[in-house]
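Please find below a colleague's note on the structure shown here. It is arranged as numbered points.

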Amino acid sequence: MYSNIKQDLQNEIEEIKAAGLYKTERVITTPQGSEISTTTSSEVLNFCANNYLGLSSHSEVIEAGKNAIDSHGYGLSSVRFICGTQDIHKTLEQKTADFLGMEDCILYAAAFDANGGVFEPILTAEDAIISDALNHASIIDGIRLCKAKRFRYAHNDMADLETQLIQAQDSRRKLIVTDGSFSMDGTIAQLDKICDLADKYNALVMVDECHSTGFMGKTGRGTHEYKNVMGRVDIITGTYGKALGGASGGFTAARKEIVDLLRQRSRPYLFSNTVAPSIVGASIRVLDILSDSTELRDKLEENTKYFRQEMTTAGFDIVPGDHPIVPVMLYEATLAQEFASKLLEEGIYVIGFFYPVVPKGKARIRVQLSAGHERHHLDKAIKAFTKIGKELNVI
């Protein structure tokens, strides 16, 4: 049977390569950090990890993970409701809810599962979801699994959001859903205005905080703190796989009744293995570190301001904002790949992003700052960007 389609698949792969859209994977040989080595390049500076707070290889986090293996084992060999719930799972859920200022929390194997499993249990064909046009793929897929009516508003466009809310006003339940921070552009949702519209049209608000939790807002709680709407958001989904240590695992923090219902009916939760003890133990330590001090969050903010300012002065076209995601716009996929390849030769590890990850004609290099970066790391990267930018006639 496979021989019938093998050539077709090979042709499809060649078409992807010919279009300059084929993605390859570089192989890292060191722990994650601001300085890493790969199988082809030694000692490069990493500017493309979601390791916003530099906690992926933090000694206290690693030690906590090891201790959890010693005290609670390697795995549970079970889903949560059979025999896969340990005391540390309940501790992490409570600490996450407290950190975010929410009533309760439920863990998932991944944030993709959290978004995939949140809509169907609480919404039916009588209801409506109003979604930002640039929401993450996991939100889009989660909505597809739900029978609620679908409305989409232009990215961060409050006038269009209100238009969609008016069209959906006869629905039983209405849920506005948005990324808190958008991963490709670094833009931040206008949650203050979204919550005002939700109040006006009697809608719920859900925010995906995968690129926010731990560092956005004065104490790192997220974009709901950044936009001063803590207590007004009904559902927050997020991950332990980025700023919060960078391993894996996701969560939904929400109103108590919503979390209760998810435990009964959310299919990714019911039919996936429990989160491994080492990840749970390490994530608990991460939340303790971030609750005790804003030092890492403050350093990330300082690094972000410096890099954005210096790159703008150098003449690069970057999407403005405050987020440590800094898109350097190049527009052409082949140019983005060539630029990233030349930067690697200069010791700077970044990746070119292009369709289908971003819209056609919007190719870019997405730089991600970290609290693990020192000033000399940033200066080396800016110098390399400037050199290659002039070489390729970008600036």
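The points that follow concern a predicted model and take up a sheet, an annotated span, a helix and several salt bridges.

1. An open sheet of three strands runs in the order E1-E2-E11, and its pairing is mixed. E1 (35–36) and E11 (348–349) are the edge strands; each has a single partner strand, so one side of each is left without a neighbour in the sheet. E1 pairs with E2 (residues 44–46) in the antiparallel sense over two bridges, and valine 44 in E2 is the bridge partner of isoleucine 36.

2. UniProt, in an unreviewed entry, places the feature "domain: Aminotransferase class I/classII large" at residues 43–385. The span 43–385 is 42% helix and 16% strand, and its end C-alpha atoms lie 18 Å apart.

3. Helix H15 (residues 375–391) has 17 residues and should span 24 Å at 1.5 Å a residue; the end C-alpha atoms are 25 Å apart, which agrees. Among the buried residues of H15 are Leu378, Ile382, Phe385 and Ile388. Just after H15, asparagine 393 takes a positive phi of about 60°.

4. The structure holds 21 salt bridges. One of them joins arginine 80 and glutamate 93, with the closest N and O atoms 3.0 Å apart. Both residues are buried, and Arg80, Lys90, Glu93 and Arg263 are linked in a network of salt bridges.

5. Arginine 364 and aspartate 185 meet in a salt bridge (3.0 Å, N to O). Arginine 364 lies in strand E13 (residues 363–368) and aspartate 185 in the loop between E6 and H8, 179 residues apart. Arginine 364 is buried at 2% relative accessible area, and aspartate 185 is buried at 18%.

Definitions and conventions: Residues are numbered from 1 along each chain as its sequence is written. This is a predicted model: local features need pLDDT of at least 70, side-chain atom pairs count only at pLDDT 80 or more; totals for chains, interfaces and linings use all residues. Side-chain values use heavy atoms; hydrogens and water are left out. Two strands pair if DSSP finds at least two bridges between them. Helices (H or I, at least four residues) and strands (E, at least two) are DSSP runs, numbered from the N terminus. UniProt positions are given in the numbering used here, feature names are shortened, and annotations may be inferred rather than shown by experiment. The expected span of a helix is 1.5 Å times one less than its number of residues. Buried means under 20% relative accessible area, exposed over 50%, partly exposed in between (1.4 Å probe, protein chains only). A salt bridge is a side-chain nitrogen of Lys or Arg within 4 Å of a carboxyl oxygen of Asp or Glu.
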